[in-house]
Amino acid sequence: MTQESRQQSATYLNFSQRQWAHLRDSVPLTLTDQDLDALRGINEQVSLKEVSDIYLPLSRLLNLIVNSQQSRGVILEKFLGKYPSRRPYIISIAGSVAVGKSTTARILQALLQRWPEHPKVDLVTTDGFLYPLEDLKQRELLHRKGFPESYDVKHLVEFVAAIKSGEQGVTAPVYSHVRYDRIPGKEIEINQPDILILEGLNVLQNAQDAGAQGHSQYVSDYVDFSIYVDAPQNLLKQWYIERFLQFRDTAFSRADSYFNHYANLSDEQAFETAGHIWDTINGPNLVQNILPTRERASLILKKGPDHLVQQVLLSK
Ligand SMILES: Nc1ncnc2c1ncn2[C@@H]1O[C@H](COP(=O)(O)OP(=O)(O)OP(=O)(O)O)[C@@H](O)[C@H]1O
Ligand SMILES: CC(C)(CO)[C@@H](O)C(=O)NCCC(=O)O
């Protein structure tokens with residue numbers, strides 16, 4: 001047994017893909033045609049078998065956990081004589097660049113919204129809290145994009161704290177992968193959701209991390225349930241390069257794309273360029289700042305080839 005699997009078996013219940021898929025059987029869950037259309041719109045590459053084997057049991061688990069928090073509200077109501085103010089349940093999704101955090105987050109949002117008890121599920125990515133590109137350039141942090149120092153952590157924590165305390169009209173900047181920067185003047189407004197899904201590289205970071213020190217509070221202080229999407233590093237690099245090649249043929253050719261000059265790269269040049277960005281930025285960030293936070297997660301989804309989840313680890 002490796003040190004990694006020994007550590008994980010001490011703190012996590014370990015399910016194979018098949019064992020996990022069975023856990024949805026106890027409550028029959030069916031998807032309507034409308035649900036299926038919505039899910040296909042999220043990412044055509046995700047198979048519906050994957051949705052029902054992996055994400056439906058996960059949405060069932062989350063539904064049970066959120067309900068238990070709502071029951072706690074009822075107990076407090078009896079004790080206090082009034083229902084405590086609404087506090088959104090916060091689920092975070094962490095993991096490497098290109099592991100599929102956004103896709104996982106959007107699938108979960110769609111599935112959780114189907115449960116009658118908590119229809120309002122909002123989704124925010126921490127990408128919006130990266131410093132603007134100009135600031136990153138001035139501070140010579142462009143080659144550190146995604147590292148802890150490239151985020152406005154104070155702003156991010158204030159945002160999450162305001163949502164958790166039940167405030168209305170809480171806003172966040174919006175990031176665009178095409179522009180490679182936040183969109184000037186554009187904001188997302190969050191209004192007392194039942195559940196907030198917060199997705200980003202840095203959501204499990206805290207004061208123990210060398211690169212993330214110097215703050216009095218962290219996002220993880222406000223998170224109720226955390227998910228880490230995991231995959232072997234060779235696959236992550238491959239997925240990053242594949243996405244880069246896809247973008248070269250689509251988004252990069254847009255006039256407002258930061259990577260517009262990459263649109264005409266040959267296959268070989270694009271492969272080289274993406275591999276270099278991975279080896280110099282995203283790979284080192286994964287090893288130094290993201291992977292060390294994995295075992296803090298309440299649940300780990302371990303992916304293999306084709307993005308298929310092969311193992312699920314649930315914190316004991
Ligand atoms: N479940 C899945 N099945 C098949 N392909 C997937 C799945 N999830 C993600 N992908 C593909 O993997 C790539 C990365 O996915 P996504 O953009 O969701 O990752 P991310 O972790 O949010 O990345 P980033 O941090 O760079 O924004 C995309 O090309 C996407 O189409
Ligand atoms: C925006 C982040 C940091 C996270 O999603 C990432 O996609 C990124 O831009 N990384 C920097 C290196 C690169 O261009 O991939």
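Select K303 together with its contacts, a contact being a pair of residues whose C-beta atoms, placed from the backbone, lie within 7 Å. Not counting residues up to four places away in sequence, K303 touches V229, D230, A231, L308, V309 and Q310. The model is a predicted one, in which local features need pLDDT of at least 70 and side-chain atom pairs count only at pLDDT 80 or more, while totals for chains, interfaces and linings use all residues. Residues are numbered from 1 along each chain as its sequence is written, and chains are lettered from A and ligands numbered from 1 in the order in which they are written.

K303 lies in strand β8; helices (H or I, at least four residues) and strands (E, at least two) are DSSP runs, numbered from the N terminus. Is K303 buried or exposed? Burial is counted on C-beta atoms placed from the backbone: a residue is buried if 20 or more others lie within 10 Å of its own, exposed if 12 or fewer, and partly exposed in between. K303 counts as buried because it has 22 C-beta neighbours inside 10 Å.

**The strands around β9**

Next, select residues 299-303 (β8) and residues 309-315 (β9). β8 and β9 run antiparallel and are joined by five bridges; strands are taken to pair if DSSP finds at least two bridges between them. Within this pair, L301 stands opposite V312 in β9.

**Turns with positive phi**

Move to the hairpin of β8 and β9, which has five residues between the strands; D306 takes a positive phi near 60 degrees there. Select H307, which is found in the loop between β8 and β9. H307 has a positive phi of about 65 degrees although it is not a glycine. It is partly exposed, because 19 other C-beta atoms lie within 10 Å.

For another such residue, go to the loop between β4 (170-176) and β5 (181-190) and select Y180. Phi of Y180 is near 70 degrees, a positive value in a residue other than glycine. With 15 C-beta neighbours inside 10 Å, Y180 counts as partly exposed.

**Ligand 1**

Which residues come nearest to ligand 1? Of the 14 residues around it, these are G100, K101, S102, T103 and H307, where a residue is near a molecule if its C-beta atom, placed from the backbone, lies within 6 Å of it. The elements that give two or more residues to this shell are α5 (101-113) and α8. α5 contributes the largest share, three residues. By class, the shell has five nonpolar, seven polar and two charged residues; Ala, Val, Leu, Ile, Met, Phe, Trp, Tyr, Cys and Pro count as nonpolar, Asp, Glu, Lys and Arg as charged, and the others, Gly among them, as polar.

Stay on α5 and select L108. L108 is buried, with 22 other C-beta atoms within 10 Å. Leaving aside its neighbours within four places in sequence, L108 is in contact with Y55, L58, S59 and I197. L108 and Y55 are 53 residues apart in sequence and 6.8 Å apart in space, C-alpha to C-alpha.

**Helices α8 and α9**

Select residues 233-249, helix α8. α8 has 17 residues and reaches 25 Å from its first C-alpha to its last, close to the 24 Å expected at 1.5 Å a residue, the expected span being 1.5 Å times one less than the number of residues. Its buried residues are L236, W239, Y240, F244, F247 and R248, and what covers them includes α9.

Then select residues 267-290, helix α9, which spans only 30 Å between its end C-alpha atoms, whereas a straight helix of 24 residues would span 34 Å. Where does α9 bend? It bends by about 45 degrees at W278, the bend being the angle between axes fitted to the seven residues ending there and the seven starting there. W278 is among the buried residues of α9, as are A270, A274 and N282. Their cover includes β2 (89-95) and α8.

**Ligand 2**

Finally, centre on ligand 2, which is surrounded by V97, D127, K145, G146, L201, I277, I281 and N282. This shell divides into four nonpolar, two polar and two charged residues.

Terms used: Two residues are in contact if their C-beta atoms, placed from the backbone, lie within 7 Å.
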